[in-house]
Amino acid sequence: MKLKDIAKEEFYRASYGCAGCAAVLMVRLTIKALGKNSVYVVPANCISTVSCYYPQAPFFVPFTVMAFAATAAALSGISAGFRRRGREDIHVVGLSGDGGTADIGIQALSGAIDCGNKFIYICYDNEAYMNTGIQRSGLTPYGAATSTTPSPCFENRPKKDMMRIVAAHDIPYAATACTSYPLDYMEKVVKASQVNGPTYIHILAPCPTGWGFPPDETIEIGRMAVESGMWHLTEFENGEFRTTYTPKRQRPVSEYLATQTRFRHLSPEQIAAIQKEIDAARD
Amino acid sequence: MKKEKSIPGPVQKAGTIPTRMGSWSTAKPVLKGKCTFCLFCWVFCPEGAIVQDEANRKVTFNFEDCKGCGICVRECPTKAIEMVEQQGDK
(Lines give C-alpha, C1' and ligand atoms only; values in the text may rest on other atoms or scores of the structure.)
Protein backbone atom coordinates (compact mmCIF):
# COMPACT_ATOMS: atom_id res chain seq x y z
CA MET A 1 0.00 0.00 0.00
CA LYS A 2 1.19 3.50 -0.84
CA LEU A 3 0.06 6.92 0.35
CA LYS A 4 -1.57 7.74 -2.99
CA ASP A 5 -3.67 4.55 -2.85
CA ILE A 6 -5.45 5.63 0.33
CA ALA A 7 -9.03 6.83 -0.14
CA LYS A 8 -9.28 10.62 -0.21
CA GLU A 9 -12.79 10.64 1.21
CA GLU A 10 -13.15 11.30 4.95
CA PHE A 11 -15.53 9.07 6.93
CA TYR A 12 -14.86 10.40 10.42
CA ARG A 13 -14.69 14.12 11.09
CA ALA A 14 -15.59 16.86 13.56
CA SER A 15 -15.35 14.67 16.68
CA TYR A 16 -14.97 16.19 20.14
CA GLY A 17 -11.56 14.55 20.60
CA CYS A 18 -8.61 16.46 22.06
CA ALA A 19 -6.27 18.22 19.64
CA GLY A 20 -3.59 15.76 18.54
CA CYS A 21 -5.55 12.66 19.60
CA ALA A 22 -4.09 9.48 18.10
CA ALA A 23 -7.29 7.49 18.74
CA VAL A 24 -9.22 9.83 16.42
CA LEU A 25 -6.46 9.35 13.83
CA MET A 26 -6.76 5.58 14.32
CA VAL A 27 -10.53 5.64 13.57
CA ARG A 28 -9.97 7.83 10.51
CA LEU A 29 -7.33 5.46 9.11
CA THR A 30 -9.38 2.34 9.92
CA ILE A 31 -12.46 3.54 8.03
CA LYS A 32 -10.26 4.71 5.15
CA ALA A 33 -8.68 1.25 4.94
CA LEU A 34 -11.96 -0.71 5.04
CA GLY A 35 -14.19 1.65 3.10
CA LYS A 36 -17.89 2.32 3.52
CA ASN A 37 -18.84 -1.36 3.56
CA SER A 38 -18.21 -1.81 7.29
CA VAL A 39 -20.06 -1.51 10.60
CA TYR A 40 -18.51 -0.47 13.90
CA VAL A 41 -19.14 -1.46 17.49
CA VAL A 42 -17.81 0.96 20.09
CA PRO A 43 -17.95 0.27 23.84
CA ALA A 44 -17.56 2.94 26.50
CA ASN A 45 -14.22 4.54 25.64
CA CYS A 46 -12.78 7.78 24.32
CA ILE A 47 -14.20 7.20 20.83
CA SER A 48 -17.80 6.79 22.01
CA THR A 49 -17.35 9.75 24.36
CA VAL A 50 -16.15 12.11 21.64
CA SER A 51 -18.56 10.81 18.97
CA CYS A 52 -21.92 10.72 20.75
CA TYR A 53 -22.97 14.28 21.47
CA TYR A 54 -26.54 14.44 20.13
CA PRO A 55 -27.12 15.45 17.35
CA GLN A 56 -23.44 15.20 16.34
CA ALA A 57 -22.64 11.93 14.49
CA PRO A 58 -19.01 12.03 13.29
CA PHE A 59 -19.10 8.46 11.90
CA PHE A 60 -20.19 8.47 8.24
CA VAL A 61 -20.71 4.69 8.49
CA PRO A 62 -23.08 2.64 10.70
CA PHE A 63 -21.91 2.31 14.29
CA THR A 64 -23.40 1.26 17.60
CA VAL A 65 -22.42 1.97 21.18
CA MET A 66 -22.21 -1.19 23.27
CA ALA A 67 -21.90 -2.06 26.95
CA PHE A 68 -18.31 -2.11 28.21
CA ALA A 69 -17.95 -5.86 28.64
CA ALA A 70 -19.91 -6.90 25.55
CA THR A 71 -17.95 -5.54 22.57
CA ALA A 72 -16.67 -8.85 21.30
CA ALA A 73 -19.99 -10.61 22.01
CA ALA A 74 -21.81 -7.96 19.93
CA LEU A 75 -19.26 -8.35 17.12
CA SER A 76 -19.75 -12.10 17.10
CA GLY A 77 -23.55 -11.70 17.00
CA ILE A 78 -23.59 -9.05 14.27
CA SER A 79 -21.20 -11.13 12.19
CA ALA A 80 -23.40 -14.23 12.58
CA GLY A 81 -26.44 -12.14 11.58
CA PHE A 82 -24.75 -10.90 8.41
CA ARG A 83 -23.72 -14.45 7.53
CA ARG A 84 -27.35 -15.61 7.92
CA ARG A 85 -28.46 -12.83 5.57
CA GLY A 86 -25.76 -13.66 3.07
CA ARG A 87 -23.84 -10.41 3.53
CA GLU A 88 -20.40 -11.76 4.36
CA ASP A 89 -18.79 -8.92 2.41
CA ILE A 90 -19.52 -6.45 5.24
CA HIS A 91 -16.64 -5.98 7.70
CA VAL A 92 -17.64 -6.02 11.36
CA VAL A 93 -15.18 -3.99 13.40
CA GLY A 94 -14.89 -3.34 17.12
CA LEU A 95 -13.03 -0.25 18.35
CA SER A 96 -12.23 -0.86 21.98
CA GLY A 97 -9.91 0.90 24.36
CA ASP A 98 -7.23 -0.77 26.45
CA GLY A 99 -9.42 -1.09 29.56
CA GLY A 100 -12.31 -2.41 27.52
CA THR A 101 -10.01 -5.06 26.09
CA ALA A 102 -7.57 -6.13 28.76
CA ASP A 103 -9.65 -5.62 31.94
CA ILE A 104 -13.40 -5.50 31.39
CA GLY A 105 -13.92 -7.02 27.96
CA ILE A 106 -11.40 -9.85 28.10
CA GLN A 107 -13.87 -12.68 28.80
CA ALA A 108 -16.13 -11.62 25.91
CA LEU A 109 -13.10 -11.36 23.62
CA SER A 110 -11.94 -14.82 24.67
CA GLY A 111 -15.40 -16.27 24.07
CA ALA A 112 -15.83 -14.54 20.71
CA ILE A 113 -12.46 -15.75 19.40
CA ASP A 114 -13.45 -19.24 20.52
CA CYS A 115 -16.76 -18.95 18.56
CA GLY A 116 -14.84 -18.31 15.34
CA ASN A 117 -17.14 -15.77 13.67
CA LYS A 118 -15.55 -13.34 11.25
CA PHE A 119 -14.77 -9.96 12.82
CA ILE A 120 -11.94 -7.50 13.40
CA TYR A 121 -11.30 -6.49 16.99
CA ILE A 122 -9.18 -3.35 17.22
CA CYS A 123 -7.78 -2.42 20.61
CA TYR A 124 -6.37 1.09 20.64
CA ASP A 125 -4.01 1.28 23.53
CA ASN A 126 -3.52 4.63 25.24
CA GLU A 127 -2.32 2.85 28.38
CA ALA A 128 -4.98 4.03 30.89
CA TYR A 129 -8.70 4.79 31.18
CA MET A 130 -8.33 8.21 29.57
CA ASN A 131 -11.89 9.52 29.18
CA THR A 132 -12.85 9.01 32.83
CA GLY A 133 -9.76 10.76 34.15
CA ILE A 134 -6.62 8.68 33.55
CA GLN A 135 -7.07 5.71 35.88
CA ARG A 136 -4.66 2.79 35.58
CA SER A 137 -5.62 -0.20 33.45
CA GLY A 138 -4.11 -3.61 32.86
CA LEU A 139 -2.14 -2.19 29.95
CA THR A 140 -0.50 0.68 31.87
CA PRO A 141 3.28 0.13 31.66
CA TYR A 142 5.58 -0.14 34.65
CA GLY A 143 6.46 3.23 36.15
CA ALA A 144 3.61 5.33 34.78
CA ALA A 145 1.86 7.80 37.08
CA THR A 146 -1.94 7.89 36.71
CA SER A 147 -4.67 9.40 38.89
CA THR A 148 -5.13 6.09 40.77
CA THR A 149 -1.38 5.39 40.92
CA PRO A 150 0.04 8.89 41.57
CA SER A 151 3.72 9.59 41.51
CA PRO A 152 5.22 8.37 44.81
CA CYS A 153 3.37 5.03 44.63
CA PHE A 154 3.34 4.66 40.85
CA GLU A 155 2.26 1.67 38.76
CA ASN A 156 4.40 -1.28 39.85
CA ARG A 157 2.95 -4.01 37.65
CA PRO A 158 4.15 -4.74 34.11
CA LYS A 159 1.98 -4.28 31.03
CA LYS A 160 -0.26 -7.22 30.20
CA ASP A 161 0.87 -9.05 27.07
CA MET A 162 -2.42 -9.10 25.14
CA MET A 163 -0.78 -10.50 22.01
CA ARG A 164 0.29 -13.67 23.81
CA ILE A 165 -3.18 -13.97 25.39
CA VAL A 166 -4.97 -13.83 22.02
CA ALA A 167 -2.28 -15.98 20.38
CA ALA A 168 -2.97 -18.64 23.00
CA HIS A 169 -6.51 -18.92 21.56
CA ASP A 170 -4.93 -20.00 18.25
CA ILE A 171 -6.41 -16.94 16.52
CA PRO A 172 -6.07 -16.91 12.67
CA TYR A 173 -4.53 -13.43 12.58
CA ALA A 174 -3.35 -10.93 15.19
CA ALA A 175 -1.08 -7.90 14.88
CA THR A 176 0.33 -4.95 16.76
CA ALA A 177 0.62 -1.51 15.16
CA CYS A 178 1.28 2.12 16.00
CA THR A 179 -0.44 5.28 14.74
CA SER A 180 2.98 6.67 13.76
CA TYR A 181 3.23 3.99 11.05
CA PRO A 182 -0.10 4.47 9.23
CA LEU A 183 0.68 2.40 6.14
CA ASP A 184 1.86 -0.55 8.21
CA TYR A 185 -1.36 -0.29 10.24
CA MET A 186 -3.67 -0.01 7.23
CA GLU A 187 -2.00 -2.98 5.53
CA LYS A 188 -2.66 -5.01 8.67
CA VAL A 189 -6.31 -3.90 8.78
CA VAL A 190 -6.81 -4.88 5.12
CA LYS A 191 -5.06 -8.21 5.74
CA ALA A 192 -7.30 -8.83 8.77
CA SER A 193 -10.42 -8.07 6.70
CA GLN A 194 -9.48 -10.81 4.24
CA VAL A 195 -9.18 -13.50 6.92
CA ASN A 196 -12.28 -15.64 7.37
CA GLY A 197 -12.33 -15.74 11.14
CA PRO A 198 -11.72 -13.63 14.25
CA THR A 199 -8.80 -11.20 14.03
CA TYR A 200 -7.23 -8.91 16.60
CA ILE A 201 -5.19 -5.73 16.08
CA HIS A 202 -3.52 -3.93 18.97
CA ILE A 203 -2.54 -0.36 18.12
CA LEU A 204 -0.56 2.01 20.32
CA ALA A 205 -2.24 5.44 20.36
CA PRO A 206 -0.30 8.11 22.30
CA CYS A 207 -2.56 10.41 24.36
CA PRO A 208 -1.36 14.03 24.82
CA THR A 209 -3.69 14.64 27.78
CA GLY A 210 -2.97 11.48 29.73
CA TRP A 211 0.71 10.99 28.97
CA GLY A 212 1.59 14.66 29.38
CA PHE A 213 3.17 15.96 26.18
CA PRO A 214 2.29 18.77 23.75
CA PRO A 215 -0.31 17.74 21.11
CA ASP A 216 2.04 18.22 18.14
CA GLU A 217 4.39 15.46 19.41
CA THR A 218 1.82 12.64 19.10
CA ILE A 219 3.40 11.04 16.03
CA GLU A 220 6.97 11.59 17.27
CA ILE A 221 6.22 9.91 20.63
CA GLY A 222 4.75 6.85 18.88
CA ARG A 223 7.83 6.61 16.69
CA MET A 224 10.06 6.94 19.76
CA ALA A 225 8.15 4.13 21.50
CA VAL A 226 8.94 1.79 18.60
CA GLU A 227 12.55 2.96 18.24
CA SER A 228 13.25 2.64 21.96
CA GLY A 229 11.79 -0.86 22.12
CA MET A 230 8.86 -0.03 24.40
CA TRP A 231 6.55 -1.16 21.60
CA HIS A 232 7.02 -3.71 18.80
CA LEU A 233 5.29 -3.99 15.44
CA THR A 234 4.55 -7.69 15.07
CA GLU A 235 2.17 -10.08 13.38
CA PHE A 236 0.86 -13.45 14.53
CA GLU A 237 -0.07 -15.77 11.71
CA ASN A 238 -0.12 -19.56 11.29
CA GLY A 239 1.01 -19.99 14.88
CA GLU A 240 4.14 -17.84 14.49
CA PHE A 241 5.14 -14.35 15.57
CA ARG A 242 6.86 -12.18 12.97
CA THR A 243 8.32 -8.69 13.33
CA THR A 244 6.99 -6.45 10.53
CA TYR A 245 9.17 -3.42 11.17
CA THR A 246 12.63 -3.17 12.72
CA PRO A 247 13.66 0.41 13.48
CA LYS A 248 16.74 1.63 11.62
CA ARG A 249 18.25 3.19 14.73
CA GLN A 250 17.69 2.22 18.32
CA ARG A 251 17.21 4.90 20.94
CA PRO A 252 17.79 4.56 24.68
CA VAL A 253 14.52 4.26 26.58
CA SER A 254 15.43 7.25 28.77
CA GLU A 255 14.81 9.51 25.76
CA TYR A 256 11.28 8.17 25.41
CA LEU A 257 10.56 8.41 29.14
CA ALA A 258 11.86 11.99 29.37
CA THR A 259 9.28 13.27 26.87
CA GLN A 260 6.30 12.48 29.07
CA THR A 261 5.23 13.88 32.44
CA ARG A 262 3.82 10.53 33.58
CA PHE A 263 7.39 9.13 33.79
CA ARG A 264 8.93 12.31 35.26
CA HIS A 265 9.33 10.89 38.77
CA LEU A 266 11.44 7.86 37.77
CA SER A 267 14.92 7.63 39.28
CA PRO A 268 17.96 6.68 37.14
CA GLU A 269 17.99 3.20 38.74
CA GLN A 270 14.38 2.59 37.73
CA ILE A 271 15.06 3.78 34.16
CA ALA A 272 18.05 1.42 34.05
CA ALA A 273 15.79 -1.42 35.20
CA ILE A 274 13.30 -0.67 32.38
CA GLN A 275 16.16 -0.53 29.86
CA LYS A 276 17.49 -3.86 31.13
CA GLU A 277 14.06 -5.46 30.68
CA ILE A 278 13.79 -4.14 27.10
CA ASP A 279 17.28 -5.39 26.24
CA ALA A 280 16.39 -8.81 27.64
CA ALA A 281 13.20 -8.90 25.53
CA ARG A 282 15.08 -7.83 22.41
CA ASP A 283 17.58 -10.69 22.53
CA MET B 1 -39.40 -10.07 3.64
CA LYS B 2 -41.08 -8.34 6.60
CA LYS B 3 -41.13 -4.57 6.59
CA GLU B 4 -38.63 -3.22 9.10
CA LYS B 5 -39.99 -1.10 11.93
CA SER B 6 -39.04 2.55 12.04
CA ILE B 7 -37.33 3.96 15.11
CA PRO B 8 -39.59 6.19 17.27
CA GLY B 9 -38.31 9.66 18.11
CA PRO B 10 -35.96 12.02 16.31
CA VAL B 11 -33.32 10.31 14.18
CA GLN B 12 -30.03 11.77 12.94
CA LYS B 13 -28.31 10.27 9.95
CA ALA B 14 -24.73 9.08 10.27
CA GLY B 15 -22.45 11.92 9.31
CA THR B 16 -24.53 14.74 10.80
CA ILE B 17 -22.02 17.34 11.98
CA PRO B 18 -23.73 20.59 12.99
CA THR B 19 -20.84 21.67 15.25
CA ARG B 20 -17.40 22.27 13.75
CA MET B 21 -14.30 22.23 15.95
CA GLY B 22 -12.35 24.97 14.21
CA SER B 23 -13.14 27.39 17.04
CA TRP B 24 -10.94 25.35 19.42
CA SER B 25 -7.70 26.31 17.75
CA THR B 26 -5.44 29.05 19.10
CA ALA B 27 -3.03 28.88 16.17
CA LYS B 28 -3.49 27.86 12.58
CA PRO B 29 -1.11 26.21 10.11
CA VAL B 30 -0.05 28.16 7.02
CA LEU B 31 1.81 26.70 4.03
CA LYS B 32 4.83 28.95 3.49
CA GLY B 33 7.74 26.94 2.12
CA LYS B 34 8.13 24.54 -0.75
CA CYS B 35 5.60 21.69 -0.76
CA THR B 36 6.85 18.40 -2.26
CA PHE B 37 3.36 16.76 -2.31
CA CYS B 38 4.52 13.93 -0.03
CA LEU B 39 1.15 14.04 1.81
CA PHE B 40 2.66 13.23 5.21
CA CYS B 41 0.64 16.09 6.74
CA TRP B 42 -2.54 14.74 5.17
CA VAL B 43 -2.13 11.18 6.43
CA PHE B 44 -1.14 12.22 9.97
CA CYS B 45 -3.87 14.86 10.45
CA PRO B 46 -6.28 13.36 13.03
CA GLU B 47 -9.15 15.56 11.88
CA GLY B 48 -8.83 15.07 8.15
CA ALA B 49 -8.62 18.86 7.89
CA ILE B 50 -6.01 18.82 5.12
CA VAL B 51 -7.41 18.61 1.60
CA GLN B 52 -5.47 17.97 -1.59
CA ASP B 53 -6.72 19.63 -4.75
CA GLU B 54 -7.37 17.03 -7.46
CA ALA B 55 -6.20 19.27 -10.30
CA ASN B 56 -2.99 20.99 -9.17
CA ARG B 57 -2.14 18.65 -6.20
CA LYS B 58 -1.93 21.66 -3.90
CA VAL B 59 -2.56 21.13 -0.19
CA THR B 60 -5.06 23.40 1.56
CA PHE B 61 -6.30 23.52 5.15
CA ASN B 62 -9.92 23.27 6.16
CA PHE B 63 -10.09 25.66 9.12
CA GLU B 64 -13.63 24.56 9.98
CA ASP B 65 -12.17 21.24 11.20
CA CYS B 66 -8.60 22.18 12.23
CA LYS B 67 -8.08 22.08 16.00
CA GLY B 68 -4.59 23.55 15.74
CA CYS B 69 -2.69 20.56 17.17
CA GLY B 70 0.37 21.25 15.00
CA ILE B 71 1.10 17.65 13.93
CA CYS B 72 1.37 18.77 10.27
CA VAL B 73 4.01 21.36 11.20
CA ARG B 74 6.04 18.77 13.11
CA GLU B 75 5.79 16.00 10.50
CA CYS B 76 6.46 18.06 7.36
CA PRO B 77 9.83 16.81 6.01
CA THR B 78 10.66 20.12 4.30
CA LYS B 79 9.38 22.28 7.21
CA ALA B 80 7.10 24.10 4.76
CA ILE B 81 4.23 24.61 7.20
CA GLU B 82 4.29 27.21 9.96
CA MET B 83 1.99 27.83 12.90
CA VAL B 84 0.53 31.35 13.10
CA GLU B 85 -1.02 32.53 16.37
CA GLN B 86 -4.58 33.76 16.09
CA GLN B 87 -5.58 37.04 17.69
CA GLY B 88 -9.04 37.10 19.30
CA ASP B 89 -12.07 35.68 17.48
CA LYS B 90 -11.85 34.62 13.88
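User: What does helix H3 of chain A lie across, and how does it run relative to S3(A)?

Analyst: This is a predicted model. In it, helix H3 (residues 71–84) of chain A lies across strand S1 (38–42), strand S3 (91–96) and S4 of chain A. The helix runs at about 170° to S3(A).

User: Which sheet do strands S1, S3 and S4 of chain A belong to?

Analyst: They sit in an open sheet of eight strands. The order is S2-S1-S3-S4-S6-S5-S7-S8 (chain A), and the pairing is mixed. From one strand to the next, the twist averages 20°.

User: Why are S2 and S8 of chain A called edge strands?

Analyst: Strand S2 (63–65) and strand S8 (240–245) each have a single partner strand, so one side of each has no neighbour in the sheet.

User: What makes S4 and S6 of chain A a pair?

Analyst: Pairing needs at least two bridges. Seven bridges join S4 (residues 119–125) to S6 (residues 198–204) in chain A, so the two strands pair. They run parallel. As one example, Asp125(A) has Leu204(A) as its bridge partner in S6(A).

User: Why is the link between Arg13(A) and Asp65(B) called a salt bridge?

Analyst: The cut-off is 4 Å between a side-chain nitrogen of Lys or Arg and a carboxyl oxygen of Asp or Glu. The N to O distance here is 2.9 Å, so the pair qualifies. Arg13(A) lies in the segment before helix H1 (22–34) of chain A, and Asp65(B) in the loop between strand S3 (59–61) and H2 of chain B, so the pair joins two chains.

User: How do you know that Glu217(A) and Arg74(B) also form a salt bridge?

Analyst: Their closest N and O atoms are 3.8 Å apart. The limit is 4 Å, so this pair counts too. The rule finds four salt bridges across the interface of chain B and chain A. Over all chains, the whole structure has 26.

User: What makes up the side of chain B that touches chain A?

Analyst: Its residues divide into 17 nonpolar, eight polar and eight charged. H1(B) gives the largest share, four residues. In total, 33 residues of chain B are in contact with 39 residues of chain A.

User: How much area is buried between the two chains?

Analyst: About 3000 Å² is buried between chain B and chain A. Carbon and sulfur atoms give 58% of that area. The interface also holds 12 residue pairs in polar contact.

Notes
Residues numbered from 1 in each chain as written. Chains lettered and ligands numbered in written order. Predicted model: local features only at pLDDT ≥ 70, side-chain atom pairs only at ≥ 80, totals over all residues. Heavy atoms only, no water. Contact = heavy atoms within 4.5 Å. Buried area = accessible area lost by both parts, 1.4 Å probe. Polar contact = N/O pair within 3.5 Å; in protein donor to acceptor, adjacent residues only side chain to side chain. Nonpolar A, V, L, I, M, F, W, Y, C, P; charged D, E, K, R; others polar. Axes fitted to C-alpha atoms, helices over the stretch in contact; angles between N-to-C directions.
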